[in-house]
Amino acid sequence: MDIEELRTFVEVADAGGVTSAARRLGVAKSIVSRRLVRLEADLGVQLLARTTRGAALTEAGITFRDYAARVCAEIDAARETILPAGDLCGRLRVAVPLSFGPTHFAPVLADMARRHPQLHIDTSYSDRFVDLIAEGFDCAIRVGFLQDSNLIAKRVGPIYGKLVASPDYIKANGSPEKPADLAAHQALMQGTETWQFMDGGRIVTVHPRGRFKADNAMALAAAALAGLGIAWIPDGITHQYVASGALVPVMTRYPPPPAAIHVIRPPGQHPARKVRVLTEMLIECFEQAPQPAGFGR
């Protein structure tokens, strides 16, 4: 049984179709289809029911998928074991936030690819919270406060931010002086998140409300510049606007506590070595990051 056929089947099973799997694997759809046909012929059983909408797992396919995924993982681990010390191989699929990905995380991933010529890195840039297991990602880099989940998180560095608004908004609506005042203001948010502020040694939690939401920090900054409300935005997005006076920090007596950058991976006893290496490189990078970017010390 060919390992690429097994890997292809797992990708099709997780992606829900040949087209999506081919895109993930970086090969033509015809190659994916041929691999599936050969695998089913070897097994003597149908694994996927093809439809106009994609491919659905048969009962046999559901059972076989987990076995195939474990075999692929074991082969990758075996390859890493016999490679020269420190080398990585196989494929690393990473979900990265669009807001900071191209500027802060892409250089680290590029350096990782340079150091490990046999490693294939496939990065998806989006501010939505991808389903790591369903979409076949090895890990994700997430910025901010984490939602509760069964995923494993490793903190790689802090991220600093502040509440900001435009001078026009403050002129029209006033500036909040304490967390309770935010109830009278329009909040620009990513979703239904809570905001936290430090009152001396105490953390104050606020549930902001507003009519403008976006899953991208740059979009929230644009809304703040337009005078739509008050936003919590990382310093890496706002420091130039604050320096020019286009945005003004508000409620500075109650600063938000530092959020964090995390590497998130699916649950499991041990992370893959390629995920561990990426995590270590990010920790090293953000320990040296300059303060104005919003990261590091």
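This is a predicted model: local features need pLDDT of at least 70, side-chain atom pairs count only at pLDDT 80 or more; totals for chains, interfaces and linings use all residues.

Entry 1. On the helix 1 side I list Glu-4, Glu-5, Leu-6, Thr-8, Phe-9 and Val-12 as making the contact, and on the helix 3 side Val-32, Arg-35, Leu-36, Arg-38, Leu-39 and Asp-42. Sorted by class, the contact of helix 1 with helix 3 has six nonpolar, one polar and five charged residues.

Entry 2. I then turned to helix 1 (residues 3–15) and helix 2 (residues 18–25), which pack at an angle of about 125° with their axes 8 Å apart. These two helices are therefore oblique to each other, and I note that helix 1 passes helix 2 in a right-handed crossing. Helix 1 contributes Thr-8, Glu-11, Val-12, Asp-14 and Ala-15 to this contact, while helix 2 contributes Val-18, Ser-20, Ala-21, Arg-24 and Leu-25. By class I record five nonpolar, two polar and three charged residues for the contact of helix 1 with helix 2.

Entry 3. Next I asked where Arg-91 is found and what it touches. Arg-91 lies in strand 3 (residues 90–96), and with a relative accessible area of 19% it is buried, because the cut-off for that class is under 20%. Leaving aside residues up to four places away in sequence, I find that Arg-91 touches Glu-11, Arg-24, Leu-25, Leu-119, His-120, Asp-122, Asp-138 and Lys-274.

Entry 4. In which order do the five strands of the open sheet run? I read the order as 11-8-12-7-13, with mixed pairing. Strand 11 (212–213) and strand 13 (248–249) stand at the edges with a single partner strand each, so one side of each is left without a neighbour in the sheet. Strand 8 (residues 187–189) pairs with strand 12 (residues 230–234) in the parallel sense over two bridges, and I find Leu-188 opposite Ala-231 in strand 12. Helix 8 (residues 235–244) packs on the sheet, where I see it touching strand 7 (161–165), strand 12 and strand 13, and its direction makes about 115° with that of strand 12.

Technical notes
Residues are numbered from 1 along each chain as its sequence is written. Side-chain values use heavy atoms; hydrogens and water are left out. Axes are lines fitted to C-alpha atoms, for helices over the stretch in contact, and angles run from 0 to 180 degrees between N-to-C directions. Helices (H or I, at least four residues) and strands (E, at least two) are DSSP runs, numbered from the N terminus. Angles under 35 degrees count as roughly parallel, over 145 as roughly antiparallel, 65 to 115 as roughly perpendicular and the rest as oblique. A crossing is left-handed if the near helix is turned anticlockwise from the far one by less than a right angle, and right-handed if clockwise. Contact means heavy atoms within 4.5 Å. Ala, Val, Leu, Ile, Met, Phe, Trp, Tyr, Cys and Pro count as nonpolar, Asp, Glu, Lys and Arg as charged, and the others, Gly among them, as polar. Two strands pair if DSSP finds at least two bridges between them. Buried means under 20% relative accessible area, exposed over 50%, partly exposed in between (1.4 Å probe, protein chains only).
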